[in-house]
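Me: Could you walk me through a structure I have not seen before? I will ask as we go.

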Amino acid sequence: SFIAFLIDTMKLIGLFAAVALPTCVAFAPPPSFTPPSPSLLKSSTQFDQETFISESKQMRLSHLEDQAMYALKISCENYDNAVFPNAMIAGDVVITHLLSRLGYLKDGKAKIMVVDTFHLFDDTMPFLRSIEKEYGFEAEIFCAEGVPVGDKGAFDKKYGKDLWKEDIEQYDKVCKVEPFQRGLKTLNTDCMINGRTRWQGFERAWIDQFENAPIGGGLAKCNPLAYWTLEDCFDYISKYKVPHHPCHAQGYPSHGDAKDTIPIPSMDPRNPDPQEGSCKFVDFKFEGDKKFWLDYACERKGRFVGLANKDGSTKTECGIHVEGAEKTFDRDLWESGSVKELSVGDALEVTKSAPGVVVVYAPWCQFCQGMESEYAKLAEELSLPVYKLRGDEERDFVQANFNTQSFPTINVVNKNGDVVKYESEQRDVASMKSFVESNM
C-alpha cells in the first residue's frame, strides 16, 4: 500500500541519516515506480480481481527491487571492501543477480565469498561454477582451517568424517564459523552483504536493511532483502529468469548441508512436522502446493533436521549469525609455560623413555580450550614431564597409541611404559593429579 511504501521509505531515510558512512559518494535515489492504471478506476470497465492482484504484486516487487539496489549501492559505493557470503539459496541468487545488474561483480566492488563445509549438496559447487561463468566473477572459497580447498579426504583425515555426529557445535565452528570469520578477515571486509530476511523466522523477525554485526568490531552488515518474503524471491527469479540451485526442482525450499536437509513437505522420520504432499519450483514456476514453502518461517523448515544444541533445544542456526560467533580460536593451546610439545615422530620414544603425562588435543575443541589453564597448572605442580600432542591431524596414530577416540584424551605413561587413559571428565588439577599419582 501507499502508506506502507511511505513507512518503508521514511525508515530507510532515517536509517541512512543515522549511519555515519566512511566516505561520501553522491548518487540519485532509485526512480519511483509508476504503477499501471488499474482497471477499477475506469467506471466503464468491470473490476478484474486477478489483474488487480497481479498489478499489485508487480508494484510491490518493483519497489522491493529499487529498495534492495539502493541498499547495495550504499554498501558498494561507500565502503571499500563489500563482501557477500553466498550460500546460493533463493535470496542469495537474487542478490547475486542484483549485484550483477549494478555492475558490482565485474568491477570487483563486491566480492563473493563461499564457505565449503565438505558436506554440501553435490550440485552446489558445480552450480557455483556455472554462475561464476554467467555473471563474470570468481568466488573466494574458504573451508576448514589447514585443509586445501576441495580436498574432502584431507578434511576427513584432520577432523574426522564423523565430526558432525560427534559434536555438532564443534562441527559448526570448524566448518562454518571459523572459515566464515577467516574469510571476512582475509578479504578485509568492512561491509558484509547477506540474504537474511524477516520472513525466515522469529530469530530474524526484526532485522533491518543495515545493522552493526557482532563481528570484527563494528563491521557494517547490509540485509538488502530484509523486508522480502520467500515468495518475493521466487517472483523475482521468475521475472528475470535468474539461475537458481537445482535443489528447488527436487522439492527443497532451502539448502545447506545435504546430511541434515530434507524436502518440504516430507515424511522423513527426522521431520518434526511430517506431511504428505509436494512442492517444487520447476522451469520458473511452482508445482504442487506452494504454501508448504511460502508460509511464514517455512523456508528453513527442512534445514538442520535431526540436530539439537547442547542444551537440547532444536537447532535453527548454523552459528554464523548468532551472538558470540565472532569468538573464534585461531591459536594453538599451551603456547608457553611448562607443558612440553610432542610430535608424532618423537612421541613414542619420548614417552616410553620415562614416565609422564600426555594430553591428546585439538586446538579448536572447546573442551580442550576449557581445560587449558588447569592442565597448565598440573604441569607446574608435577615433577613428571607433562606433554601435549596434537591429534586432529594424526588420528590413526593417536587412536592406535594413545587411546584416543575424542578430544581431549589424557594419558599417564607409567614406569612400565603402559599408556593408561584418564576416563574421568573431571579435569581440575586435583582430580588429574590424583589419577597420575595413583598410576605411578
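Reply: One term to start with: a contact means heavy atoms within 4.5 Å. This is a predicted model, where local features need pLDDT of at least 70, side-chain atom pairs count only at pLDDT 80 or more, and totals for chains, interfaces and linings use all residues. Residues are numbered from 1 along each chain as its sequence is written, and side-chain values use heavy atoms, leaving out hydrogens and water.

Me: Among contacts with a separation of 6 or more in the protein chain, what share comes from residues 24 or more positions apart?
Reply: Here we take the contacts in the protein chain with a separation of 6 or more. Residues 24 or more positions apart account for a share of 72%.

Me: How many helices and strands does the protein chain have?
Reply: Helices (H or I, at least four residues) and strands (E, at least two) are DSSP runs, numbered from the N terminus. For the protein chain, the secondary structure comes to 14 helices and 13 strands.

Me: What percentage of the 440 residues is buried?
Reply: Buried means under 20% relative accessible area, exposed over 50%, and partly exposed in between, with a 1.4 Å probe and protein chains only. Of the 440 residues in the protein chain, the buried part is 49%.

Me: At what angle do helix α2 and helix α3 pack?
Reply: Helix α2 spans residues 49–78 and helix α3 residues 90–101, with their axes 10 Å apart. Axes are lines fitted to C-alpha atoms, for helices over the stretch in contact, and angles run from 0 to 180 degrees between N-to-C directions. The angle is about 70°.

Me: Why is α2 described as roughly perpendicular to α3?
Reply: Angles of 65 to 115 degrees count as roughly perpendicular, under 35 as roughly parallel, over 145 as roughly antiparallel, and the rest as oblique. The two helices pack at about 70°. That makes α2, relative to α3, roughly perpendicular.

Me: Is Ser238 buried or exposed?
Reply: Ser238 sits in helix α8, residues 230–240. Leaving aside residues up to four places away in sequence, Ser238 touches Phe281 and Phe284. Its relative accessible area is 19%, so Ser238 is buried.

Me: How far apart in space are Ile207 and Arg196, C-alpha to C-alpha?
Reply: Ile207 lies in the loop between β4 (191–193) and β5 (210–212), and is buried, with a relative accessible area of 7%. Not counting residues up to four places away in sequence, Ile207 touches several residues, among them Arg196 and Tyr227. Ile207 and Arg196 are 11 residues apart in sequence, and their C-alpha to C-alpha distance is 8.2 Å.
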